Amino acid sequence: MAFFDKFLEALPEYKTVASSIEKDRLPCGVTGVSHVHKAHLINNLCRKFDRRALVIVSDEGEGSRLCEDINAMGGNALLFPARDFDFRPSGISSKQYEQVRLGI
């Protein structure tokens with residue numbers, strides 16, 4: 001993994017993002033990065049700066065895959081699930097999603 005980290009850290013775009021984090025010019029956005037590279041970038045930056053990241057994705061499936069990839073690289077990613085809208089009376093529905101969201 002160190003080889004990939006060195007390669008990533010040599011990229012000028014990476015240096016721009018890292019500089020923004022160092023100077024607390026946040027929030028910072030990155031677009032046009034493939035899925036696995038996104039996970040690598042997030043994991044590397046969080047480890048390097050000993051900080052956490054909030055990553056917004058298009059849907060819960062993408063978020064699950066991203067969390068799995070980051071965790072496979074040694075990170076500690078958590079998924080904040082989408083809100084479960086329930087239009088039935090509240091006494092009937094399960095509170096499982098609410099408990100998961102509160103746990104995160």
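**Figure 1. Helix α3 and the elements that cover its buried residues.** In this predicted model, the cover over the buried residues of α3 includes α1, α2 and α4. The buried set of this helix consists of Ala-39, His-40, Leu-41, Ile-42, Asn-43, Asn-44, Leu-45 and Phe-49. Helix α3 comprises 15 residues and extends 22 Å from its first C-alpha to its last, a span close to the 21 Å expected at 1.5 Å a residue. Just beyond the helix, Asp-50 adopts a positive phi of about 50°.

**Figure 2. Helix α2 and its packing partners.** The residues of α2 that count as buried are Tyr-14, Val-17, Ala-18, Ser-19, Ser-20 and Ile-21, and these buried residues pack against α1 and α3. An α-helix has 3.6 residues a turn, so residues three or four places apart point the same way. After α2 comes Asp-24, with a positive phi near 55°.

**Figure 3. The salt bridge between Arg-47 and Asp-5.** Arg-47 and Asp-5 form a salt bridge in which the closest N and O atoms are 3.4 Å apart. This pair connects distant parts of the chain, since Arg-47 belongs to helix α3 (residues 35-49) and Asp-5 to helix α1 (residues 2-9), the two being 42 residues apart. Arg-47 is partly exposed, its relative accessible area being 47%, whereas Asp-5, at 10% relative accessibility, counts as buried.

**Figure 4. The salt bridge between Asp-24 and Arg-51.** The side chains of Asp-24 and Arg-51 come together in a salt bridge, with an N to O distance of 3.1 Å. Asp-24 is placed in the loop between α2 (12-22) and α3, while Arg-51 is placed in the loop between α3 and α4 (60-72), so that the pair ties together parts of the chain that are 27 residues apart in sequence. Asp-24 counts as exposed at 52% relative accessibility, and Arg-51 counts as partly exposed at 37%. Asp-24 is also the residue with a positive phi that follows α2.

**Figure 5. The salt bridge between Lys-38 and Glu-62.** Lys-38 pairs with Glu-62 in a salt bridge whose closest N and O atoms lie 3.3 Å apart. Because Lys-38 lies in helix α3 and Glu-62 in helix α4, the pair ties together parts that are 24 residues apart in sequence. Lys-38 has a relative accessible area of 24% and is therefore partly exposed, whereas Glu-62, with 16% relative accessibility, counts as buried. Side chains of opposite charge can pair when their charged atoms come close.

**Figure 6. The chain as the setting for the preceding views.** The protein chain contains five helices and zero strands, and its elements follow one another from the N terminus in the order α-α-α-α-α. The structure holds three salt bridges in total. Of the 104 residues of the protein chain, 24% count as buried, and the chain exposes about 8,100 Å², of which carbon and sulfur atoms supply 56%. Among the contacts in the protein chain with a separation of 6 or more, 56% are accounted for by residues 24 or more positions apart.

Conventions. Residues are numbered from 1 along each chain as its sequence is written. This is a predicted model: local features need pLDDT of at least 70, side-chain atom pairs count only at pLDDT 80 or more; totals for chains, interfaces and linings use all residues. Side-chain values use heavy atoms; hydrogens and water are left out. A salt bridge is a side-chain nitrogen of Lys or Arg within 4 Å of a carboxyl oxygen of Asp or Glu. Helices (H or I, at least four residues) and strands (E, at least two) are DSSP runs, numbered from the N terminus. Buried means under 20% relative accessible area, exposed over 50%, partly exposed in between (1.4 Å probe, protein chains only). Contact means heavy atoms within 4.5 Å. Accessible areas come from the Shrake-Rupley method with a 1.4 Å probe; for residues, only the protein chains shown count as cover. The expected span of a helix is 1.5 Å times one less than its number of residues.
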